[in-house]
Amino acid sequence: MWQGFFQITLTILILVPIVHFLGRYMARVFLGEKTFLDPIMVPVERTIYALGDVRYKDDMTGWQYARSVLFSNLVMGILVYLIFLLQLILPLNPTSLNAPSWDLALHTAISFLTNTDQQHYSGETTFSYFSQIAALGFLMFTSSATGLAVGIAFIRGLTGRPLGNFYVDLTLSITRILLPLSIVGGLILIFLGVPETLAGPETVTTLEGAKQVIARGPVAHFEFIKQLGENGGGFFGINSAHPFENPNSASNLIETLAMVCIPAALIFTYAIFANNLKQGWLLFGMVFIFYVVLIAIAAVGEFQGNPLVNNILGEQQPNLEGKEVRFGWAQTALWAITTTGTMCGAVNGMHDSLMPPGGFSTLFNMFLQMVWGGQGTGTAYLFVYLILSVFVTGLMVGRTPEFFGRKVEKREIVLASVILLVHPIAVLIPSAITLGFPETLAGITNPGFHGISQVVYEYTSAAANNGSGFEGLGDGTMWWNLSTSISLLAGRYLPIIALLLLADSMAHKQPVPETTGTLRTDTVLFTGVTAGVILILGALTFFPVLALGPIAEAFQF
């Protein structure tokens with residue numbers, strides 16, 4: 001018992017100094033200050049700007065930034081979709097895999113384009129090495145960089161700066177953050193035993209004398225950007241539970257930290273932009289407490305095990321169903337909360353096998369989207385909650401709702417409401433339709449309360465740009481491919497547009513001097529109020545679903 005909780009505690013403690021250092025580094029990158037990578041990357045970046053005809057010194061408005069995001073993503077999505085359809089005639093296809101169906105190819109292209117990486121297929125038997133590298137791997141960098149760029153533009157707007165240039169932010173996100181860290185991380189994973197080869201599958205003879213085909217491929221570089229960029233899509237069907245993606249405890253530790261380091265560090269990046277480290281530490285502490293509490297709920301549930309199994313055995317045993325023995329209940333619970341909190345979606349154990357407390361915690365994570373949230377956009381969601389808290393608190397105590405000396409008015413509240421309302425609409429409506437036709441559409445494999453969780457989880461994962469799933473669900477159908485594609489697009493691009501417009505609106509407001517009537521947001525009291533607003537909004541919106549799913553399932557034992 002204590003060994004498992006010690007592993008969890010050690011991982012969490014290692015996180016704090018990493019994100020503080022990385023947050024400061026990212027602030028220097030996006031504030032245009034000098035970094036140690038300048039001699040290498042400045043010539044590369046200027047070449048990219050010249051080839052792309054990017055006017056890198058020109059700032060964009062909110063609408064210009066949003067249009068740039070949409071246009072660039074549309075072009076990338078079409079390119080990747082064509083690669084999938086032409087897979088059979090393209091190189092690096094050692095097993096001559098045919099093109100996937102048009103609806104699966106469409107869902108996969110949209111899924112990876114939106115930084116979700118929800119998979120309705122098994123990677124090693126569906127996509128060639130070329131598709132995995134040139135399509136999926138390409139989108140893992142660009143979709144992650146897109147989210148990071150939007151998050152930085154939002155922070156700039158909140159702190160009264162111009163939003164910047166999307167193409168410059170996209171480039172810097174890759175050249176200064178994602179690519180350097182991925183090179184180092186990929187080399188470490190190779191050292192730890194993750195393969196990186198273009199050789200085809202290997203056929204071996206087992207101890208029983210049977211023939212077994214072992215899939216392999218260029219996994220190491222794919223695995224690290226999958227974690228670092230909060231992508232989550234597995235090279236193999238069972239994702240990071242596969243020994244070629246995550247062979248041992250050392251690789252598991254590195255991949256867990258890679259998932260959470262950038263979204264957590266962005267809180268400190270914001271604090272430096274705002275010149276308010278106190279608020280940065282307070283917000284980090286608030287999210288950290290959410291994170292630790294949810295880990296505790298999931299970990300205790302897995303450690304206590306299944307009461308029905310325990311009654312048969314006559315003793316308490318941890319729940320090991322759907323888990324890799326090299327990670328056990330503790331590291332699986334930690335990973336499950338981290339991957340749904342960061343919107344990564346990678347798994348090192350099957351979430352469908354989690355006990356109800358684990359199912360509750362993973363769903364709750366994706367409902368809130370700010371513990372720690374998606375790449376860049378998760379930090380933005382945190383500050384949307386903060387703006388709503390300012391507005392609500394200001395009305396309650398009779399103070400002018402202001403954020404950084406800028407008044408929060410009708411336009412900002414409308415945009416903030418749109419950002420938070422898109423998610424439940426993209427989850428609850430398709431879930432209701434699917435559950436209305438359980439025999440023909442749902443694909444439920446566990447009838448009852450768990451089956452409801454299976455369906456809601458899939459749409460929640462899509463709308464939250466997470467990608468994990470209760471994988472007992474029969475989601476390899478045209479209905480699931482197309483309906484989740486709508487949730488993927490709505491959950492990604494509608495909030496991005498609203499976030500950029502909100503940031504642009506805040507950036508153009510004239511700051512007013514601070515007075516005794518100004519509501520300060522860098523206090524313990526206000527941070528606590530913000531936590532209460534987050535919990536109330538999450539509970540009011542999704543509590544009925546939680547009550548019909550994991551909570552009701554827990555009462556069955």
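Q: At what angle do the axes of helix α3 and helix α6 cross?

A: Two packed helices are described by the angle between their axes and the distance between the axes. Here, the axes of α3 (residues 62–85) and α6 (residues 129–158) come within 10 Å and cross at roughly 170°. That makes α3 roughly antiparallel to α6 (angles over 145 degrees count as roughly antiparallel). Axes are lines fitted to C-alpha atoms over the stretch in contact, with angles from 0 to 180 degrees between N-to-C directions. Helices are DSSP runs (H or I, at least four residues), numbered from the N terminus.

Q: What are the ground rules for this model?

A: The model is predicted: local features need pLDDT of at least 70, side-chain atom pairs count only at pLDDT 80 or more, and totals for chains, interfaces and linings use all residues. Residues are numbered from 1 along each chain as its sequence is written, and side-chain values use heavy atoms, leaving out hydrogens and water.

Q: Which residues of α3 make the contact with α6?

A: Contact means heavy atoms within 4.5 Å. On α3, Y65, V69, N73, M76, V80, I83 and F84 make the contact. Their partners on α6 include F130, L139 and V150.

Q: Is helix α8 mostly covered or mostly uncovered?

A: Buried means under 20% relative accessible area (1.4 Å probe, protein chains only). Helix α8 (residues 220–228) is mostly covered, with eight of its nine residues buried. Among them are F222, E223 and K226. The buried residues pack against α6, α7 (166–191), α9 (249–274) and α12 (328–341).

Q: Where is N276 found?

A: N276 lies in the loop between α9 and α10 (277–304). N276 counts as buried because its relative accessibility is 14%.

Methods
Helices (H or I, at least four residues) and strands (E, at least two) are DSSP runs, numbered from the N terminus. Angles under 35 degrees count as roughly parallel, over 145 as roughly antiparallel, 65 to 115 as roughly perpendicular and the rest as oblique. Buried means under 20% relative accessible area, exposed over 50%, partly exposed in between (1.4 Å probe, protein chains only).
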